[in-house]
Amino acid sequence: MNMTASSTQTHNKPADNIAFTDDVINSESWSVEDSAQLYGVRNWGAGFFDVAESGDVVVTLTINGKNVAVPLADIVTGMAERGLHMPAVLRIENVLDQRIKQLNDAFNNAIKAAHYQAPYRGVFPIKVNQQCHVIEEIADFGRAYHHGFEAGSKAELIIALTQIKDHRSLIICNGYKDSEFVELGLYARDMGINCVFVLETVSELPIILSASERLGIEPVLGVRIKSTVVVDGHWNKDSGDRSIFGLSTSALVDVVEQLKAADKMHCLQLLHCHLGSQIPNIRNIRSGVLEACQFYVGLIDEGAPMGYLDLGGGLAVDYEGSNSTSCHSMNYQLDEYCVNIVETIADCLDPLDIEHPVIVTESGRATVAYSSMLLFNVLDVRDHKPGPLPDVLPEDSHELIKNLMICLKSLSLKNFQECYNDALYYRDEMRELFRRGQSSLRNRAMAENICLAVLEKIAALLPQVDRVPPEMANLPELLSDIYYGNFSLFQSLPDIWAIDQILPIMPIQRLNEQPTREAILADITCDCDGKIDKFSINQQIRSTLPLHPLIDGEDYNIGVFLVGAYQETLGDLHNLFGDTNVVSVRIDENGDFEFIHEFQGDSIADVLSYVEYEPKRLLEQFRRTAEQAVKEKRITVAKRQKILKAFKDSLLGYTYFEHE
Ligand SMILES: *Cc1c(COP(=O)(O)O)cnc(C)c1O
């Protein structure tokens, strides 16, 4: 495979093959509206993305009352001018700010409307995106809302402690805590930081109580319960009896007993209930809140002061844009989520005359998903088109080839099933002859070519067929192109590999043209899992993505959207593809943008050092090999210098495919 866009000759032909798109639409009448609909950008974009008349995907924002729309292609050009090439993660800081604002506004509005008597205090779970500049932006922008952090480990607590500058913001400590973790959290309390330890197990309690006694600092405690609400979606095992997190009801009673014995019931102030991530169904959320409220009431009955109800994460992102209960979607809106929570708590506690607790949520993906996208260029396309076929076959052609040609010429809606069977039969016969040494390379190539032409013609007929025979159902997929993208699935989109995550994917330019090809995407790792073949198209899950034929000498860039949550650090170094370039951009009210942060991705030397090679030593080892070649008179000293320079340049270069 030749990895350059310019080597693909067959792709800039006019759209003569629209075989696999569901609705055959005249290319002339194609508009950006059709593209917006096809890729669902307005369904999953939450108002942050759209398609402009120019055919570009734009970031859309309202800044100081002005609507701006910035083409991603312009940002990509700006990046290239600064030496930051594809693939790259692009973060839009304004989008992150907007999400924090939307989340807080939605809760505050629901609180106001319901005359709820306590505030909302969001915390961002650091595990969802630990990158320094993301966390700093959340801390800076979130300060006005007293938005805090959730820490699940010592390292994350250390991050949170450096970011919180506001005593009304919370730090919620989940996860397993040793005495070092606990001491840090207690010192934070001493300094006025509102740090809460949430008990995951009974065994943590003695560790906390003894550290507290040692340092003479009182803790504020929370308890994490196991909810028995069974939720839809991928993370439904975070709740239920077998959840690996949280206290069983009897363990909870045990904690209460121990606190009473130690005369520390006044420390118990928070109830924590996390139903799972990405909960697609609003009914599950309501049930979870109801159950959490009953635990809250139970603890008040036991004599705990309480004051905080932490409902964990779970606010979903509509990656599919289908507004459904599918596990990559959601059947509710942000406002609805907040209203549901606020009303459910009030309805539950008001009849009992219990004071409204501060509402805490730990929304991770809903906060950060929108602000990051992965952008990559397409390096090459392997189409599955038949090669050139002769109009008339030479007289002396092989019988099987003649038969195949008859299939192709006679194919119609009436006989396509017969032609399908025959074509495969003749092709397989030819392959059999070839294996036995009774047919030539050229005969086999011709037979395969004609067979492919038959299959392609059948695929084009399928949309008109009432009942598609099961054996032909995956023809469009079998005949689809492979677009090779300059990225590593394992490094940049690990959830697609690990949990079949659906993410919105679309070209970022030429959307005023009809995409006439159907493709799957392959990455540049040498792994057959390194491909994407599930897409949300027209609000349906499809195995191929409509794309445009490449144009010689023109970059074709694809965006994978909503990747701000979980993707940045879960990735790995498969085939030693390292971190990509990353840029953070801030857009202003004139639609101009500023590069706030730029990070060069890993160099080859970087990734090699992660697996314990020393770049200096590698250079020395290679120098010796080259010097030996000089000694053996295979190369000149001048050549040696040239070779060593190439080696050094590679070592310092990007791990991804670089343009000349
Ligand atoms: C992972 C996690 C979250 C974040 O969940 P999202 O669905 O991303 O909002 C919140 N709280 C806890 C305890 C978690 O484990």
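Analyst: The domain assignment of the protein chain, whose bounds come from an automatic or database source, gives domain 1 (399-471) and domain 2 (605-652), and the centres of these two, taken over C-alpha atoms, are separated by 52 Å. The model is predicted, and local features need a pLDDT of at least 70, side-chain atom pairs count only at pLDDT 80 or more, while totals for chains, interfaces and linings use all residues. Residues are numbered from 1 along each chain as its sequence is written, and side-chain values use heavy atoms, with hydrogens and water left out.

The pLDDT, which is the predictor's confidence in each residue on a scale from 0 to 100, averages 93 over the protein chain, and 95% of the residues score at least 70. Over residues 1-25, however, the pLDDT is below 50, although this stretch has 50 contacts (heavy atoms within 4.5 Å) in the model beyond near neighbours in sequence. The C-alpha atoms of the chain fill a box of roughly 100 × 75 × 55 Å along the principal axes, and the chain holds 22 helices and 23 strands, these being DSSP runs numbered from the N terminus (H or I, at least four residues, for helices; E, at least two, for strands).

Leaving out residues up to four places away in sequence, I345 touches Y116, V289, C293, L309, L311, P357 and I359.

Two of these partners, V289 and C293, are also among the residues by which α10 makes its contact with α11, and I345 is among those on the α11 side. Helix α10 (residues 282-301) packs against α11 at an angle of about 30° with the axes 9 Å apart; axes are lines fitted to C-alpha atoms, for helices over the stretch in contact, and angles run from 0 to 180 degrees between N-to-C directions. The crossing of α10 and α11 is right-handed, that is, the near helix is turned clockwise from the far one by less than a right angle, anticlockwise being left-handed.

Of its 157 residues, I345, L271, L493, L521 and F561 touch the most other members. Apart from this core lies another, of 30 residues, including L393, C407, L411 and V465. L271, for its part, is in contact with L309 among others, its neighbours within four places in sequence being left aside, and L309 is likewise one of the residues that I345 touches.

For contrast, F197 is 148 residues away from I345 in sequence and 23 Å away in space, C-alpha to C-alpha. F197 has its place in strand β8 (residues 194-199) and counts as buried because its relative accessibility is 1%. Its partners beyond four places in sequence include F181, V182, I208 and P219, and P219 is 22 residues apart from F197 in sequence but 7.4 Å in space, C-alpha to C-alpha.

Conventions
A nonpolar core is a set of buried Ala, Val, Leu, Ile, Met, Phe, Trp, Tyr and Cys residues joined through side-chain atoms within 4.5 Å. Buried means under 20% relative accessible area, exposed over 50%, partly exposed in between (1.4 Å probe, protein chains only).
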